[in-house]
Amino acid sequence: MSEQATGNGALVDIRGVEKVFRRGAEDIQVLKDLNLEVPAGEFLALMGPSGSGKSTLLNLIGGLDHPTRGTVSIAGERIDQLSDHRLAAWRARHVGFVFQLYNLLPVLTAERNVELPLLLTHLSKAERRAHVATALAAVGLEHRAKHYPRQLSGGEQQRAGIARGIVTDPTLLLCDEPTGDLDRKAGDEILGLLQALNREHGKTIIMVTHDPHASARASRTVYLNKGQLTREPND
Amino acid sequence: MKFLHLIWANLRRKKTRTVLTLLSIVVAFVLYGFLSAIKQALTGGVSLEGANRLIVRHKVSIIQLLPESYKQRMEKIPGVASATHQTWFGGIYQDPKKFFMQNPVVPEEFLKMHPEIILAPEQRQAWLTTRTGAIVGRKTAERFEWKIGDKVPIQSSIWSKKDGSYLWEFDIVGIFEGRDKNTDTTPMFFRYDFFDEARRGGTGQVGWYTVRVQDTARPAEVAKLVDAEFENSSYETKTEAEGAFVQAWAKQIGDIALITASILGAVFFTILLVTGNTISQSVRERTGELGLLKAIGFTNAQMLALVLAESCLLAVLGGVLGLGAAWLLTSHGDPTGGMLPLYFFPARDVLAGLAMSVALGLVTGLFPALQAMRLRVADSLRRI
Ligand SMILES: Nc1ncnc2c1ncn2[C@@H]1O[C@H](COP(=O)(O)OP(=O)(O)O)[C@@H](O)[C@H]1O
Ligand SMILES: [Mg+2]
């Protein structure tokens with residue numbers, strides 16, 4: 001899948017990416033000469049052992065960090081060279097994030113949390129409210145709109161997180177271990193929800209997980225190992 | 001404004017901490033209000049009229065007297081437009097705690113020297129024709145419910161009459177108003193010719209002179225010339241701007257202005273630390289949340305603004321509440337029963353207070369805001 005072919009219109013196109021972290025005097029090479037193409041409408045699972053660089057890769061795709069070398073193109077736009085300021089605006093327009101932790105601000109209700117990305121748009125208050133209602137309905141949380149995160153179960157919190165991730169109708173939904181903190185049942189519900197978003201609404205999703213059960217729901221799974229992607233798990 | 005909800009929610013995160021911080025800001029600004037009013041009371045007479053008026057007093061101390069004949073000599077000095085004198089009477093009406101000033105003056109000269117004292121023409125006429133006549137400011141007239149035509153007995157602590165009695169009686173012939181808000185309308189003025197003739201000692205001697213400087217002359221140079229004129233006489237003088245003189249009076253009670261300024265400095269320094277600590281703690285606690293906002297697409301500038309808005313909201317809220325409370329508390333006027341006739345919280349100090357609250361917000365929010373701005377998203381989301 002990850003041939004060195006020229007740009008074929010893949011939504012996510014990563015070429016020759018290298019990521020080196022400097023810790024003190026020591027250089028840690030996390031990704032090296034990594035290539036990845038994700039076509040629009042795919043639900044990709046990214047697996048690999050802890051510390052293998054999954055989050056690092058996801059952050060590069062989401063424009064949260066710059067690669068040390070190589071190119072990251074999303075929907076035909078090179079984002080690896082954008083300034084921090086341009087990247088922030090780019091993220092607001094194109095990416096929805098769902099994290100394992102810190103998903104919701106505890107001081108805001110579910111609907112106010114979901115509204116956050118819309119504050120960065122030019123939508124009116126009424127329009128924002130309508131979008132929030134749609135997103136909450138899509139994750140089946142409309143009856144919890146006025147609840148604070150502490151009043152929600154883990155699964156409900158994560159659903160609110162997904163609602164926030166999709167409320168701007170982003171190009172890409174990036175999930176970093178979205179079920180990592182949930183029990184099996186709640187986790188299954190979240191996976192079902194992501195699957196539905198992908199199948200019924202055509203959302204392109206990239207999900208980091210180390211749970212084979214989770215990756216089974218994806219349309220494709222890739223493995224990160226020693227800084228490179230493979231199609232098979234590599235002991 | 002759509003971010004207001006978010007800013008407000010962040011302040012409510014730890015309600016107790018926010019309320020305590022808010023309270024300490026409020027207290028600081030109430031204190032500021034009181035101290036402003038006290039400072040106003042001690043230095044208020046200074047500004048407007050005082051600029052071209054000088055006070056000439058005995059070099060050794062204010063309680064030593066000067067000859068009445070100095071007036072003619074002063075008016076010959078280049079740069080002096082006119083001179084007139086007052087004398088400290090030190091009188092008490094009914095209760096020594098109900099302090100107000102009463103001085104003998106030469107009516108025409110006095111009124112000309114002090115255009116800020118507004119007296120109706122017929123009352124002025126009455127004063128010029130009544131030897132025992134006295135005029136009193138609106139505040140004191142209302143305080144003792146004096147009306148024109150009243151006879152008021154004043155017990156002097158310094159001056160006795162020829163019959164040895166210290167009890168003097170005056171006829172109220174006028175009630176004057178102040179032209180400006182900071183014109184003192186508590187004193188009483190009566191006629192020097194009556195006083196000089198009736199007093200037992202000190203005839204021909206007066207307390208101090210007020211000198212009007214010609215518009216073209218420099219007050220500081222005129223002051224030097226006046227003091228030079230009387231150098232090596234048995235009554236050497238010390239000449240100061242009127243404002244300096246008022247403050248010198250205040251120094252009799254202690255250097256309150258300096259004390260209040262130091263208290264204020266200490267209070268605001270403490271408030272700076274308290275508020276700064278609250279904001280930076282609150283920012284540190286939510287590194288993850290701030291990282292999330294950045295991931296969502298909040299720009300560096302927006303992060304900076306968000307934290308600054310939070311600290312400014314807290315500081316300005318505290319400032320407005322504190323200044324408002326101080327305004328209310330000082331609006332009843334002089335709490336000392338007469339010692340501080342110009343006691344009020346001046347509008348310019350209220351505005352300065354507001355500016356200070358904004359500055360407090362900016363200063364305390366700046367470092368946490370920069371911290372939030374520099375936060376690297378990927379890092380902030382890593383840790384648990
Ligand atoms: N900002 C950073 N500074 C230094 N090392 C980092 C940084 N971010 C990640 N790393 C290192 O890179 C490696 C990959 O991290 P990560 O992408 O979080 O792994 P995963 O998500 O697969 O568990 C780890 O060894 C981690 O310690
Ligand atoms: Mg990870």
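The model is predicted, so local features need pLDDT of at least 70 and side-chain atom pairs count only at pLDDT 80 or more, while totals for chains, interfaces and linings use all residues. Residues are numbered from 1 along each chain as its sequence is written, chains are lettered from A and ligands numbered from 1 in the order in which they are written, and side-chain values use heavy atoms, with hydrogens and water left out.

**View 1. Chain B against chain A.** Here 27 residues of chain B touch 27 residues of chain A, where contact means heavy atoms within 4.5 Å. Together the two chains bury about 2400 Å², and 67% of that sits on carbon and sulfur atoms. Buried area is the accessible area (1.4 Å probe) that two parts lose on being put together, summed over both. On the chain B side, B:Lys2, B:Leu292 and B:Ile296 supply 25% of the area buried against chain A, more than any other three residues.

**View 2. The salt bridge and the chain B elements.** The count between the chains is one salt bridge, and it joins the side chains of A:Asp65 and B:Arg376 at 3.1 Å, N to O. The rule asks for a side-chain nitrogen of Lys or Arg within 4 Å of a carboxyl oxygen of Asp or Glu. Chain B elements giving two or more residues to this side are helix 1 (4-11), helix 11 (287-296), helix 12 (300-330) and helix 14 (377-380). Helix 11 of chain B gives the most, seven residues. Helices here are DSSP runs (H or I, at least four residues), and strands are runs of E with at least two, numbered from the N terminus.

**View 3. Who surrounds ligand 1.** The shell has 13 residues, the closest being A:Arg23, A:Gly51, A:Lys54, A:Ser55 and A:Thr56; to count, a residue needs a heavy atom within 4 Å. Chains A and B both contribute residues, so the site is shared between chains. Strand 1 (12-23) and helix 1 (54-61) of chain A each supply at least two shell residues, and helix 1 of chain A gives the most, with three.

**View 4. Oxygen atoms of ligand 1 up close.** A backbone N or O atom of A:Gly51 lies 2.7 Å from an oxygen atom of the ligand. For the side chain of A:Ser55, an N or O atom is 2.8 Å from a ligand oxygen atom, and for A:Thr56 a polar side-chain atom is 2.5 Å from one. Taken alone, ligand 1 exposes 560 Å², and the protein buries 79% of that (Shrake-Rupley method, 1.4 Å probe).

How values were computed: Polar contact = N/O pair within 3.5 Å; in protein donor to acceptor, adjacent residues only side chain to side chain.
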